[in-house]
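Hello,

Here is the structure I promised to hand over.

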Amino acid sequence: MTTQELVAQIKKKKSFLCIGLDVDLNKIPPHLLKEEDPIFAFNKAIIDATHHLCVAYKPNTAFYEAYGLKGWKALEKTIQYLNTNYPEIFTISDAKRGDIGNTSTMYAKAFFEDLAFDSVTVAPYMGKDSIEPFLAFENKHTIMLALTSNEGAFDFQTKKVEEKELYKAVLDTSKNWKNSENLMYVVGATKAEYFAEIRKIVPDSFLLVPGVGAQGGNLQDVCKYGLSANIGLLINSSRGIIYASKDEDFTEKSKLKAKELQKEMSKILSSRI
């Protein structure tokens with residue numbers, strides 16, 4: 001999917017919502033555990049209930065890898081279901097991969113070719129030769145960790161290196177990598193005050209923003225400083241939507257939670273589109 005196609009979907013749906021599919025079998029409605037593949041059954045139900053309210057889905061691969069082969073199969077079935085039934089949806093593999101040379105190429109092939117995701121999250125600590133193999137794939141997007149929402153982000157990301165915070169150095173440097181136009185960045189919603197500084201460095205890049213909802217991030221604050229000329233934001237909500245209920249009405253409750261965010265986003269966009 002191209003960036004232009006993603007922007008077109010945002011404008012059509014009046015939404016820049018991304019829903020995280022982080023499936024924990026201890027948290028899904030108990031009646032689904034009777035299904036042959038409860039992980040996929042849960043994902044399918046959530047997707048069918050919310051696809052018209054969001055523009056992206058983001059499975060975190062850890063929640064599938066934890067269940068071994070059956071978890072990986074459920075992930076494969078989920079992405080196939082999305083690509084077949086809702087091809088307009090932007091898909092993100094939240095895998096946080098990153099290694100040098102051929103290893104990164106193989107990671108990229110796994111997510112872009114075999115599973116056919118539109119994008120994958122990566123960690124930049126090993127530098128350009130760990131990221132450029134992902135960037136080489138046409139019409140695929142590499143979403144690089146920049147400033148994350150966790151407490152430990154302050155251990156390294158905001159430390160100064162030659163009078164510049166490390167996350168700013170990472171953003172600056174990444175713009176010079178080959179095919180850097182295929183880069184997006186992860187910026188946590190709980191760091192809303194940093195968005196203005198980030199936009200000075202990457203004014204037009206898309207930012208994937210976790211942390212709205214359960215982690216305490218504020219949508220209005222993020223949009224105030226983070227929206228770009230082409231919208232440039234994907235706001236992720238996972239637990240707040242998919243675990244809205246453990247009863248048989250879970251799809252309706254999830255749809256209501258997604259609708260709340262979509263309505264708020266529609267109001268924000270109405271003054272910009």
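Lys109 and Glu113 pair through their side chains in a salt bridge, 3.6 Å from N to O. (A salt bridge here is a side-chain nitrogen of Lys or Arg within 4 Å of a carboxyl oxygen of Asp or Glu.) Both residues sit in helix α5 (residues 101-114), four residues apart, about one turn of the helix. Helices (H or I, at least four residues) and strands (E, at least two) are DSSP runs, numbered from the N terminus. Lys109 is partly exposed, at 34% relative accessible area. Glu113 is partly exposed too, at 47%. The cut-offs: buried is under 20% relative accessible area, exposed is over 50%, partly exposed is in between (1.4 Å probe, protein chains only).

This is a predicted model: local features need pLDDT of at least 70, side-chain atom pairs count only at pLDDT 80 or more, and totals for chains, interfaces and linings use all residues. Residues are numbered from 1 along each chain as its sequence is written, and side-chain values use heavy atoms, leaving out hydrogens and water.

The whole structure holds 14 salt bridges. One of them joins Asp37 and Lys77, at 2.9 Å from N to O. This pair links distant parts of the chain, 40 residues apart: Asp37 is in the loop between β1 (17-20) and α2 (38-50), Lys77 in helix α4 (residues 68-85). Asp37 is buried, at 16%, while Lys77 is partly exposed, at 33%.

Salt bridges also link Glu165, Lys168, Glu197 and Lys200 in a network.

Best wishes
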